[in-house]
Amino acid sequence: RSIVGPSSVNGIVGMKPTIALVSRRGIVPISLNQDSSGPRTQTVRDAAMLLQVIAGTDPEDPWSEDANLHVGDYVAALDTTALRDTRVGVLRPTGASEATVGPLFQAALDVLSAQGAELVEIPSDALTDPRPEMRIILLQDFKIDLNSYLQGLSSDAPVRSLAELIDFSRTDPRESMHSMDYWEDAQATDGGRSEPRYATALADGLRLTREEGIDRVLADYDVDVLVSPTGSPASEIQPDGTPGVGPIPEGPRGTRPASLTVVAAVAGYPLISVPMGLIDGLPVGITFAGTAWTEARLLAVAYDYEQASQARIPPPMALTN
């Protein structure tokens, strides 16, 4: 399910398509409302070729019923002049990321301008942080969808429910090193998708990220795509196993700035991360995002940027045994 984040910190291309453009069959689920499968590759052309093969309707994923209506010729869309006269909405990093990622992001914006893109500054508060709704949705969905997946495994599977998975992880020497807060919070939910709080969160989350989110920003600022840093460099793994802050912390809205990648995830809209260089030897990506079913356009502008910038540098640091 995680595509653009791991791609960014590993210095590769990652594309998360519109939800259910690619079947989720066989994927261990987190949330059928937000799960998406897509390519992680070395280059944008590889991503386009792979998406060309895997996109389309699958009877085993009912959500993909209309996917065939939206499949494009992604390889043919690749164009080194795609950015020319394209209006690009710029969402700059804020907070601590401004100092860390800001200079590298500015260099990437200079490449976009040199390729003929018209950059349009988007205020940092143009998008609303949907994490409160996201947390409610994911916790309920995870319990429902994972239980359904596990119950479909063979009878000799070691675990057949989220509760059994939690019990196993508490006693396994390796798994017990990791926090299970989200699992335990998901297990504590009840009411499923008929629970009123869940239904409200789902409706509000889609509204805030679609018609009042990405679609509104694209229209209000008359831009074709949105761009932002994918994230920060990979964080340090603590020697004592202390987990870092998770992606959906509890707390009121505004606990973190609105993230384009999170907004797109809740909306189920496509985005692609492309390497934009290194910070202290660690890779960081740039994300291009748009409204539903715009994979061809996103691949085209990402390809133009990739070819012009040649920013991918194989990470010089690697773990060794």
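Is Arg24 buried or exposed? I found Arg24 buried, at a relative accessible area of 6%. (My classes: buried is under 20% relative accessible area, exposed is over 50%, and partly exposed is in between, with a 1.4 Å probe and protein chains only.)

Before going on, I noted that this is a predicted model, where local features need pLDDT of at least 70 and side-chain atom pairs count only at pLDDT 80 or more, while totals for chains, interfaces and linings use all residues. Residues are numbered from 1 along each chain as its sequence is written, and side-chain values use heavy atoms, with hydrogens and water left out.

**Entry 1: salt bridges**

I searched the whole structure and got 15 salt bridges, each a side-chain nitrogen of Lys or Arg within 4 Å of a carboxyl oxygen of Asp or Glu.

Arg24 pairs with Asp61 in one of them, with the closest N and O atoms 2.6 Å apart. Arg24 sits in the loop between strand S1 (13-16) and strand S2 (40-41), and Asp61 in the loop between H2 and helix H3 (74-77), so this pair ties together parts that are 37 residues apart in sequence. (Helices, H or I of at least four residues, and strands, E of at least two, are DSSP runs numbered from the N terminus.) Asp61 is buried too, with a relative accessible area of 5%.

Next I looked at Arg193, which forms a salt bridge with Asp141 at 3.1 Å between the closest N and O atoms. Arg193 is in the loop between helix H7 (181-187) and helix H8 (196-220) and Asp141 is in helix H5 (residues 131-151), so they tie together parts that are 52 residues apart in sequence. Asp141 is buried, at 0% relative accessibility, whereas Arg193 is partly exposed at 35%.

I then checked Arg170 and Asp167, whose side chains meet at 3.6 Å, N to O. Both belong to helix H6 (residues 162-171), three residues apart, about one turn of the helix. An α-helix has 3.6 residues a turn, so residues three or four places apart point the same way. Arg170 is partly exposed at 48% relative accessible area, and Asp167 is partly exposed at 44%.

I also noted a network of salt bridges linking Arg87, Glu118 and Asp222.

**Entry 2: helix H8**

Where does H8 bend? I found a bend of about 35 degrees at Arg207, taken as the angle between axes fitted to the seven residues ending there and the seven starting there. The buried residues of H8 include Tyr198, Leu208, Ile214 and Leu218. Among the elements covering the buried residues of H8 are H5, strand S5 (225-229) and helix H9 (260-267). Just after H8, Asp222 has a positive phi of about 50 degrees.

Beyond its neighbours within four places in sequence, Leu206 is in contact with Glu211, Val266 and Ala267, contact being heavy atoms within 4.5 Å.

**Entry 3: a surface patch**

Which residues form a nonpolar patch on the surface? I found Leu50, Val53 and Ile54, with about 250 Å² of accessible area together. (Patch residues have over 30% relative accessible area and no salt bridge; like charges are joined within 9 Å, and nonpolar side chains, Val, Leu, Ile, Met, Phe, Trp and Tyr, within 5 Å. Areas come from the Shrake-Rupley method with a 1.4 Å probe, and for residues only the protein chains shown count as cover.) Val53 lies in helix H2 (residues 44-54) and is exposed, at 67% relative accessible area.
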